[in-house]
Amino acid sequence: MIWKDQRVWLASIVIFALLLIFDRTQAFASLEKVVVSLTHTGPYLLLSIGIAAWAGASDADGLIAKAFTGTPALMILLGAVAGGFSPFCSCGVIPLIAALLAMRVPLSAVMAFWLASPVMDPSMFLLTSGVLGFEFAIAKTIAAVSLGIFGGFTVHILSGTAALKDPLKDGVGGGCGASAVQEDKPVVWAFWKDAVRREKFKNEALKTTLFLAKWLILAFLLESLMLAWIPADMVTKALGGTGVGPIAVATFVGVPAYLNGYAALPLVGGLIEQGMAPGAGLAFLVAGGVTSLPAAIAVWALVKPKVFGLYLVLSLSGAFMAGLIFQAWSVI
């Protein structure tokens, strides 16, 4: 029972204990990586946790959900654009995604936002422009929004299937008893004046914080081991060359070999200088950004396995197409 209820926490403890026994240096390096990563994402996490808890305590969740109602095409487009320009990282947006899905916001619009969000944000755009050039940054932004649109419309087409019904795992984001979009409740903006609502805010914030902490600590711990044990020259050799082949390889290599959004930029810049096709570089960054350990574990923590599988398929196929199109543009 303990393993079933606390398996994520226990997995992190076991990994760290083994590192202390067999590689003490790496254990402390991994611990530092976890602390630094949590500190870096902290402001976004606190903001998203606060918004999610406020929405539940004030009954504004229905109001937020109504913003996602309308024609499916418009909601998908808005979700993709919002994701591509959102300052939230893939981890910080988890509480909002869970709340939206629990409120029965269509999965197509949520998926559009979710796919686009990890690929690009304002700070990433500036850094990409500085490292890889303005054209590459524009291409990556277009790829992020296009990936969201592609994923959103694909999910919309498949929305009638049983696999996409009730995408959230049991017990996440309010479960089957969560407020539906159609419910019309008055919003109590000053929720802190009501003791019951204050307690609801506190409980929701605590629940969300613990949920995020257990998954993100495991994700950043595994990411630190990947950084330490996967040699950069191995990635370099795998991604070299031109043509369609390297783009396909870069798409799939981006899944296990992606460092993080900021560390991957100079690696890709160096590879392009050594002759790697720009399209392969874009495919690597897009696929790796959406399927990186923190992003993938965040998705796995929220949704059922079939929805997670669809998320991966959409990520990889979209990244491959983005690489092909950018490569064709680069040689014109």
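**Helix packing in a predicted model**

Ala295, Ala296, Val299 and Trp300 in α14 meet Pro305, Phe308 and Tyr311 in α15 (contact means heavy atoms within 4.5 Å). These residues divide into 7 nonpolar, no polar and no charged (Ala, Val, Leu, Ile, Met, Phe, Trp, Tyr, Cys and Pro count as nonpolar, Asp, Glu, Lys and Arg as charged, the others, Gly among them, as polar). The model is predicted: local features need pLDDT of at least 70, side-chain atom pairs count only at pLDDT 80 or more, and totals for chains, interfaces and linings use all residues. Residues are numbered from 1 along each chain as its sequence is written, and side-chain values use heavy atoms, without hydrogens and water.

Helix α14 covers residues 293-302 and helix α15 residues 305-330. Their axes lie 9 Å apart, at an angle of about 150°. The two are therefore roughly antiparallel (angles over 145 degrees, on a scale from 0 to 180 between N-to-C directions). Their crossing is right-handed.

A second pair is α6 (residues 107-116) and α8 (residues 134-157). The angle here is about 155°, and the axes are 7 Å apart. α6 and α8 are therefore roughly antiparallel too. Leu107, Ser108, Met111, Ala112, Leu115 and Ala116 of α6 touch Ala144, Leu147, Gly148, Gly151, Gly152, Val155 and His156 of α8. By class, that contact has 8 nonpolar, 5 polar and no charged residues.

Helix α9 runs over residues 195-229. At 1.5 Å a residue, its 35 residues should span 51 Å (1.5 Å times one less than the number of residues). Its end C-alpha atoms are 51 Å apart, which agrees. Aspartate 194 caps its N-terminal end, with a side-chain oxygen 2.8 Å from the backbone nitrogen of valine 196.

Terms used: Helices (H or I, at least four residues) and strands (E, at least two) are DSSP runs, numbered from the N terminus. Angles under 35 degrees count as roughly parallel, over 145 as roughly antiparallel, 65 to 115 as roughly perpendicular and the rest as oblique. A polar contact is a pair of N or O atoms within 3.5 Å; within protein, one must be able to donate a hydrogen and the other to accept it, and residues adjacent in sequence count only if both atoms are side-chain atoms. A crossing is left-handed if the near helix is turned anticlockwise from the far one by less than a right angle, and right-handed if clockwise.
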